[in-house]
Amino acid sequence: MKPIPILFYSDAPDQPTGLGRITKDLASLTAQLPEFRVGTFGKYGRGSSQLPFTQYTFQHQWGEDLIEEVWKDFSGGDNGIIFTIWDVSRLTWFLNPMMDGPLHSFLNSGRFQRWGYIPVDSLGPDDAMTGECRDALSRYDRALAYTIFGKRILHNCGRTDADWLPHGINSTVFQPRDRQASRLAGGVTSKEDVVVGCMMTNQARKDWGTAFATAALLKQQLGARFKFWIHVDDMTRYWNIYALINDFHLADCVRVTLNGQFNSEQLSYWYSGCDATFLPSLGEGFGYPIVESLACGVPCIHGDYAGGAELIPKTDWLVTPTTFRLDGRWNQVRPVWNPEIWAETILETLNGSTEEGAESVQATCTQAVRHLDWTILWPAAWKKWMLEGIR
């Protein structure tokens, strides 16, 4: 059987974004299957000779002006699959092309199937996506969610055939590290210090305002013992991190690291040096910082909303939204957070961890994500799903 061309279409696999990392992992693993010939069409990125598949990149919009040319070059005239790893809202033009022209003709040519691994990070007003996204979603040949939450939303949109699969991590990289060495590497010298971490990108959906307001409350409670580690990709793109540090008077206790500054193994030491982490976003389709923290044996406090909540092993580590609001052109229901509840939940988690014991807490965390190791997840679930699509 001639290998089927499959083009993963998302953030470029050499980018440090969550979507880029998913693309890299799935493309690399699929490239091991003789049934497929693998390529990627990724936003930004430069390509890497270290990756075992063909790579194409684009810099503007969603690659509309290049996708036909890329597919022709990659497929060599064979029919195949374009596998998107993006929100449906970014792909309405790709899934449901409306305007006549060369792009419309190509997208309706029947030369490829549309598969989608779809991050769903919010509800809509009727527990589904807004109408435009719902209509686009119906055009996928195969649709797969990240979480049970995402699967429910896809079913509510009429895709009752959709299943769900989590994506994996490398537990030989993200694992508990020596606590003392990890803390020293982060400049924490006192055993009495309490280190709380927050890892998020700088975008509207990541609620850095709540993060800093929460940190200020923790500083009031813990005093000079409180240390705040944040890891972010950009200091000013949406939130002004400099201003937040200044306005909440946290310059004396905050440590900032940036995406690309450390590799994954080094990040595992930063996680391991924390007493807890928290992720106050407005909705997660999955949540790498959650599973990475847990894999390193460190509790992660998260909001009780969307897919990320499913990853938290203890309900005591979940924060209930104060209320909800409607957000943006896609009519997404977003939670509203109270920083006082976040601070209270973090303090209760820290106290509970002390009472339960470090080894017990570490075991609870690591066991919660053990099934996500790619050496387990790929052969048990993902490999089967990929091959079922070509039978």
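**A covered helix, its sheet and the surrounding loops**

Helix α11 is mostly covered, with eight of its eight residues buried (buried means under 20% relative accessible area, exposed over 50% and partly exposed in between, with a 1.4 Å probe and protein chains only). The structure is a predicted model, in which local features need pLDDT of at least 70 and side-chain atom pairs count only at pLDDT 80 or more, while totals for chains, interfaces and linings use all residues. Residues are numbered from 1 along each chain as its sequence is written, and side-chain values use heavy atoms, with hydrogens and water left out. Helices (H or I, at least four residues) and strands (E, at least two) are DSSP runs, numbered from the N terminus.

The buried residues of α11 are Tyr288, Pro289, Ile290, Val291, Glu292, Ser293, Leu294 and Ala295. Their packing partners are α1 (18-30), β8, α10, β11, β12 and α13 (358-369), where contact means heavy atoms within 4.5 Å. Just after the helix comes Gly297, with a positive phi of about 85 degrees.

Several of these partners belong to an open sheet of six strands, whose order is β10-β9-β8-β11-β12-β13 and whose pairing is parallel; two strands pair if DSSP finds at least two bridges between them. At the edges stand β10 (254-258) and β13 (318-319), each of which pairs on one side only. Strands β8 (residues 194-199) and β11 (residues 276-279) run parallel and are joined by two bridges. Gly197 has Thr277 as its bridge partner in β11. Helix α10 (residues 264-272) packs on this sheet and touches β8, β9 (226-232), β10 and β11, its direction making about 150 degrees with that of β9. Helix α11 (residues 288-295) also packs on the sheet, touching β8, β11 and β12 (300-303), and its direction makes about 155 degrees with that of β12. For these angles, axes are lines fitted to C-alpha atoms, for helices over the stretch in contact, and the values run from 0 to 180 degrees between N-to-C directions.

Within the sheet, His231 is found in strand β9. With a relative accessible area of 2%, His231 is buried. Not counting residues up to four places away in sequence, His231 touches Cys198, Met199, Met200, Trp208, Thr257, Leu258, Asn259 and Leu267. His231 and Thr201 lie 30 residues apart along the chain, and their C-alpha atoms are separated by 8.0 Å.

Strand β14 (residues 323-327) is joined to β15 by five bridges, and the two run antiparallel. Arg325 has Arg334 as its bridge partner in β15. The hairpin of β14 and β15 has four residues between the strands, and there Gly328 takes a positive phi near 70 degrees. Because four of the five residues of β15 (residues 332-336) are buried, this strand is largely enclosed by the rest of the structure.

Backbone angles in the loops are also worth a look. Most residues other than glycine have a negative phi. His249, in the loop between α9 (241-247) and β10, has a positive phi near 55 degrees. Its relative accessible area is 58%, so His249 is exposed. Ala306, in the loop between β12 and β13, likewise has a positive phi, near 65 degrees. At 8% relative accessibility, Ala306 counts as buried.

Another loop, between α1 and β2 (36-43), holds Glu35. Glu35 counts as partly exposed because its relative accessibility is 26%. Leaving aside neighbours within four places in sequence, Glu35 is in contact with Pro3, Ile4, Leu387 and Ile390. Glu35 and Ile390 are 355 residues apart in sequence, yet 8.7 Å apart in space, C-alpha to C-alpha.

Finally, the second largest pocket has a volume of about 590 Å³. A pocket here is an open set of points on a 1 Å grid over the protein atoms alone, where a 1.4 Å probe fits, with protein on both sides within 12 Å along at least five of seven lines; lining residues have an atom within 4 Å of a point. Grid points are joined across faces, edges and corners, and the volume is the space filled by probe spheres set on the points. The lining comprises 24 residues, of which Arg179, Cys274, Asp275, Ser353 and Ala358 lie nearest the centre of the pocket. Helices α12 (339-356) and α13 each supply at least two residues of this lining.
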